[in-house]
Amino acid sequence: MGTRSITVIKDANNKNAKVMEIYRQYDGYLDGHGIELAEILTNTPHNGVHCLTASIIGGLKQDWGNIYVYAPTDNKNLEDYSEYYGAEFYYEVIVGDNEINLTVWEDFHKEPVHTETITPAREQ
């Protein structure tokens with residue numbers, strides 16, 4: 001059985017509105033998906049949240065299956081993601097102009113297991 005995760009990308013410039021939900025069927029644990037996601041967020045220049053969202057999907061999607069994208073839903077909370085997707089990890093990516101906040105919860109406990117503020121790469 002795989003370690004499922006959900007990643008929700010939010011726009012800091014639009015009251016943290018959800019932009020996209022990404023479901024990962026396996027390798028969703030912090031040492032797998034978390035590292036991949038942090039590398040993409042750190043090393044990918046972008047022109048706003050929608051540009052970065054496309055880069056995240058492109059960086060994660062290497063083959064058929066495993067990575068699925070969904071339109072954002074405003075009515076889901078942490079427990080809903082666990083029940084609906086069977087996800088064990090929840091990643092929240094809030095994209096602002098000059099920083100990206102990454103927060104990770106395991107098994108949807110109230111306290112995150114990881115928080116990180118990332119300064120994104122700039123086009124050279």
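Colleague: What should I know about the numbering and the ground rules?
Modeller: Residues count from 1 along each chain as its sequence is written. The model is predicted, so local features need pLDDT of at least 70 and side-chain atom pairs count only at pLDDT 80 or more, while totals for chains, interfaces and linings use all residues, and side-chain values use heavy atoms, with hydrogens and water left out.

Colleague: How many helices and strands does the protein have?
Modeller: Three helices and six strands. Those are DSSP runs numbered from the N terminus, with H or I for helices of at least four residues and E for strands of at least two. Along the sequence the pattern reads β-β-α-α-β-α-β-β-β.

Colleague: What order do the strands take in the sheet?
Modeller: The order is 3-2-1-4-5-6, in an open sheet with mixed pairing. Strands pair here if DSSP finds at least two bridges between them.

Colleague: And which are the edge strands?
Modeller: Strand 3 (67-70) and strand 6, each pairing on one side only. From one strand to the next, the twist averages 15 degrees. Axes are lines fitted to C-alpha atoms, for helices over the stretch in contact, and angles run from 0 to 180 degrees between N-to-C directions.

Colleague: Is the pairing of strand 1 with strand 4 parallel or antiparallel?
Modeller: Parallel, with seven bridges. Ser5 stands opposite Phe89 in strand 4.

Colleague: What about strand 4 with strand 5?
Modeller: That pair is antiparallel, over seven bridges. The two strands form a hairpin with four residues between them, and Val93 stands opposite Leu102 in strand 5. Strand 5 also pairs with strand 6 in the antiparallel sense, over five bridges; there, Thr103 has Thr115 as its bridge partner.

Colleague: Which residues of helix 1 are buried?
Modeller: Gly32, His33, Gly34, Leu37, Ala38, Ile40 and Leu41. Buried means under 20% relative accessible area, exposed over 50%, and partly exposed in between, with a 1.4 Å probe and protein chains only.

Colleague: What covers them?
Modeller: The cover includes strand 1 (5-11), strand 2 (17-24), helix 2 (49-60), strand 4 (89-95), strand 5 (100-106) and strand 6 (114-118).

Colleague: How does helix 2 lie?
Modeller: Helix 2 lies across strand 1, strand 2, strand 3, strand 4 and strand 5, at about 0 degrees to strand 2.

Colleague: Now the core. Which residues have the most contacts inside the largest one?
Modeller: Leu41, Ile56, Val93 and Leu102, in a nonpolar core of 21 residues. A nonpolar core is a set of buried Ala, Val, Leu, Ile, Met, Phe, Trp, Tyr and Cys residues joined through side-chain atoms within 4.5 Å. Strand 2, helix 1, helix 2, strand 4 and strand 5 each give two or more residues to this core. Apart from it lies another core, of seven residues, among them Ile6, Val8, Tyr23 and Trp105.

Colleague: What is Val93 in contact with?
Modeller: Leaving aside neighbours within four places in sequence, the contacts of Val93 include Leu37, Leu41, Ile100 and Leu102. Contact means heavy atoms within 4.5 Å.

Colleague: Is strand 5 mostly covered or uncovered?
Modeller: Mostly covered, with five of its seven residues buried. In the protein, buried residues make up 44% of the 124 residues.
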